[in-house]
Structure formats: C-alpha cells, structure tokens
Amino acid sequence: MAKATGLSPASVSYALRGLQVSEETIERVRRVAAELGYEADPIARALASGRTGTIGLLCGSLEDLWQQALAVGIGRSLKDNDRYALILDAAGDPYRERTLARQLRDQRVDALIVQPVDPAAEVWPELCESLPVVSIGDGLAGARTAGEVVFDNRAGVTLALEHMRDRGHGRIAVLTPTRASTPDRPADVHVLAEAGRLGLDIEVVTAPQALTAATGVADAMLADGHRAFFCFADSIAYGVYAASTERGLRIPADVSVMGYDDHPMSGLLTPGLTTVDWDIDGIIRAAVRTVVAAADGNTRRRRIVQAPELRERGSVGRGTAAPGAF
C-alpha cells in the first residue's frame, strides 16, 4: 500500500483510519486500497491499537421512525469513518436502557452514542468514567460526557405551542413517550412552563411510539373530546391521523395535530403534518464527528445545540377558542 500510493506506512495507516491527513489523501489511499483489494484485518488492528473499531449506538426506541432514520444515518456515517455501529434498542424502557448501556461497555466498544430514555439515570456518571459517551437529544445529568448534541427544547416547545395558540387552540392534549419513571425530560418540563405562560389548558398523556399503541391512546383522547394534539414524536402524530380517520374526523377541519421531529413521511401525509424540524442530517454529522474524535482520544468536550424550525404543512386548523381562552 505504501509503495502503491507513494506515501509512508504511517500516512497510509492514518488515511485508512481517517486520521491526521487531508481528505484528498484519505480518498487517494482508499481508492488504491479498493483497486488492490486491500482490507484491513480488524483483529490485528484491535490488538495493535487496543481499540475494536466499534461504536455502540443505544437508541431510545426503534419503534419511532425518526430514531430509525437516525440509526441508519449514524451507522452509514460511522462506516465512512472506518468504524462499525453496534446498534441496540432500549424499547423505551429505562431498566433495559441501563442494562444495555453496561453491556456495551463490557463488550469494549470504543465509545457510545445514546439517545437516552432517562437522561437523569444514575448509570450515566458511572459509565462516562470508563467510556466516551456522546448523547443526542438530552444532556446526561451529572455525567462527564465526551460530547452532547442537544435540542433547544424550550425554543421547540414554544414554536409548537405558540403556533397552536395563535390558531385558536386553548385546550391541547400533549402526547409524549415519557414514562412516569422518567419525569424530568427537558421537553416535557418546558411544556408545562410554557402552558402556564401562554394560558393553555394542557393534559399530558404517555403514548408509545409504536403506531398501533399510539392510535389507541389517541382514540381514547378523541373519545374524551380532545381535538388539538401536540405529539413529541411524529410517529405518535401518525396515530392521531389513524384514530381520526377511524372516527370519521377530518384533519384539520375537525382535529388539529402537531409533531416534533419532521420525519420524511410527515410531508407525504394528507394534509402534511405540521412539525418541528431538528435537522437530522446535521445531528448525524455532529454526533459522528464528536464520537470519532472521542474514540481517538480527543478529550475536548463538545456541546452542540440544535435550533428548531417550524415546518407548517396544514395539519393545524382553526380552533374554536380565542388565544388564551379555554
């Protein structure tokens, strides 16, 4: 490889790992490697470097379509950086999340990316002492993470609730995947604070991200007279669409609904789902860049805050209440 590229063995090694050389050199070395049919021996590399080349990715719930897209994007981006993703699903269960996080550490992954179910769990400070951890969505309370790609949830919640209030909705059902055992997620806390500021009547209800379960929760809320919904995942909002259709209710004429993560499917619905966009491609780039640097020993901690944008598509109709009225 060194002779074929005209580079030193060290430069070839760095280029194959995507380290300390230019993008042009990396591309040159990888092109020659492909032409020669060269493949690095992962076991030999692990023995020489003390690293496995594997990054753990612990998803909060892969029933959520946005998290599925996130996992696919991170897995592909890590492969482009000569790393491999070991993807596990916490299934929305805080206990399962703690167990899997420790298992990933014990399997000697080089670093961990997590979208936490319970950002305040006691496991995170312990884990971060022995493993570089990058969190997505929420910071990990009391933990010395290698990096965080967090959402400006206060701004996102404000965008959503102000939009619904301005459209005349004073009574809003908030559907969240958060369980009673994880009551301190920032987004949920901001909902209650903003509801008080805006004079809204808010009912917060736990709704799983699986479509069938979300549809059942939405149907019960519709039966109780709710006609305006703010969902903390587009996957949950799809359940409101399904339940409304089953009841012969139209969106947005009879029912208004907002999402919170702008999954690509949301623009294909009729009408399209009004939602909050967090720039998933930017999140993937930031998380992978941060975790690769941490796995390679860069101890500089990074905190990236994602700003939200409102994607108005027509799923929020005019309410019967004046803004601020119930």
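**Aromatic pairs, sheets and helix packing in the predicted model**

A search of the whole structure, which is a predicted model, finds six aromatic pairs. One of these is formed by W66 and F151, whose rings are arranged edge-to-face, with 6.1 Å from centre to centre and 85° between the planes. Because W66 belongs to helix α5 and F151 to strand β5 (residues 147-151), this pair ties together parts of the chain that are 85 residues apart in sequence.

The strand that carries F151 belongs to an open sheet of six strands, arranged in the order β2-β1-β3-β4-β5-β11 and paired in the parallel sense. Its edges are formed by β2 (84-89) and β11 (302-306), each of which pairs on one side only. From one strand to the next, the twist of this sheet averages 15°. Within the sheet, strand β3 (residues 111-114) and strand β4 (residues 133-137) are joined in parallel over three bridges, and I113 has V134 in β4 as its bridge partner. Helix α5 packs on this sheet, where it touches β1 (54-59), β2, β3, β4 and β5, and the direction of α5 makes about 175° with that of β1.

Helix α5 also takes part in a helix-helix contact. Helix α5 (residues 65-80) packs with helix α12 (residues 280-295) at an angle of about 45°, the axes of the two helices being 9 Å apart. The two helices α5 and α12 are therefore oblique to each other, and their crossing is right-handed. On the α5 side the contact is made by W66, A69, L70, G73, I74, S77 and L78, which meet I280, I283, I284, V288, V291 and V292 of α12. The residues of this contact of α5 with α12 comprise eleven nonpolar and two polar ones, with no charged residue.

Strand β8 (residues 228-231) runs parallel to β9 and is joined to it by three bridges, and A228 stands opposite S256 in β9.

Helix α10 additionally packs with helix α11 (residues 234-246), at an angle of about 55° and with the two axes 7 Å apart. The helices α10 and α11 are therefore oblique to each other, and α10 passes α11 in a right-handed crossing. The residues that make this contact are L211, A214, T215, A218, D219 and L222 of α10, together with S235, I236, Y238, G239, V240, A242, A243, S244 and E246 of α11. By class, the residues of the contact of α10 with α11 divide into nine nonpolar, four polar and two charged.

Several backbone features fall in loops. The peptide bond that joins I251 and P252 is cis, with omega about 5°, and P252 is found in the loop between α11 and β9. A cis peptide bond likewise leads from T270 to P271, with omega near -5°, and P271 lies in the loop between β9 and β10 (275-277). In the loop between α6 (94-106) and β3, R108 has a phi near 65°, which is a positive value in a residue other than glycine.

Technical notes
Residues numbered from 1 in each chain as written. Predicted model: local features only at pLDDT ≥ 70, side-chain atom pairs only at ≥ 80, totals over all residues. Heavy atoms only, no water. Axes fitted to C-alpha atoms, helices over the stretch in contact; angles between N-to-C directions. Helix = DSSP H or I, 4+ residues; strand = E, 2+ residues; numbered from the N terminus. Parallel < 35°, antiparallel > 145°, perpendicular 65-115°, else oblique. Left-handed = near helix turned anticlockwise from the far one by under 90°. Contact = heavy atoms within 4.5 Å. Nonpolar A, V, L, I, M, F, W, Y, C, P; charged D, E, K, R; others polar. Pairing = 2+ DSSP bridges. Phe/Tyr/Trp six-rings, centres within 6.5 Å; stacked < 30°, edge-to-face > 60°.
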